[in-house]
Amino acid sequence: MHVEVLKGPQKPAMRALVEAIHAEQGLMPSFYWPQDLLGAELATAEAIGVFEGEVLTGFVLYRETPDVWEISLVATHPQFRRRGLMEHLLKHMIAAKGQGRALWLEVHEENVSAQKLYEKLGFTEVRRRPRYYKDGATAILYSLS
């Protein structure tokens, strides 16, 4: 397993990974990115990915703001879950990007496995956004200082 900064040539692999998640979940609102929003996010955010061999197994999209690194998308290919890959990738990001700045992210209230991972890595819940998602679910906002 290795971590790389993702650039333009890897965008099709990132799209394919998101499409694999959509196919597995049946476009569940807990992880649904419409193509136009995903395209805009891929075009403007920075990305790092985790690979097994040459296969992109997961990635994180993020952006720098004046005071924090804001994580906008965390995605793991369904075939590679429960292997510690995202934990490895997020630890890498925390070490590289978390120096002197907080990391922020949000998660769907029903995504309990992601919440457990973030809490294991030291993220703490800072607030909630009721009815944030299209399905009426709450977004839980996490921070790591």
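Q: What makes a contact in this predicted model?
A: Contact means heavy atoms within 4.5 Å. The model is predicted: local features need pLDDT of at least 70, side-chain atom pairs count only at pLDDT 80 or more, and totals for chains, interfaces and linings use all residues. Residues are numbered from 1 along each chain as its sequence is written, and side-chain values use heavy atoms, without hydrogens and water.

Q: Which elements do the buried residues of helix 3 pack against?
A: They pack against strand 1, strand 2, strand 3, strand 4, strand 5 and helix 4. Helices (H or I, at least four residues) and strands (E, at least two) are DSSP runs, numbered from the N terminus.

Q: Which residues of helix 3 are called buried?
A: Leu-85, Met-86, Glu-87, Leu-89, Leu-90 and Met-93. Buried means under 20% relative accessible area, with a 1.4 Å probe and protein chains only.

Q: Why does the span of helix 3 agree with its 13 residues?
A: The expected span is 1.5 Å times one less than the number of residues. For residues 85–97 that should be 18 Å; the end C-alpha atoms are 18 Å apart, so the two agree.

Q: What makes strand 1 and strand 2 a pair?
A: Two strands pair if DSSP finds at least two bridges between them. Strand 1 and strand 2 (residues 46–52) have five, and run antiparallel. In strand 2, Phe-51 is the bridge partner of His-2.

Q: Why do strand 1 and strand 6 stand at the edges?
A: The open sheet has seven strands in the order 1-2-3-4-5-7-6, with mixed pairing. Strand 1 (2–6) and strand 6 (124–129) each have a single partner strand, so one side of each is left without a neighbour in the sheet.

Key. Buried means under 20% relative accessible area, exposed over 50%, partly exposed in between (1.4 Å probe, protein chains only).
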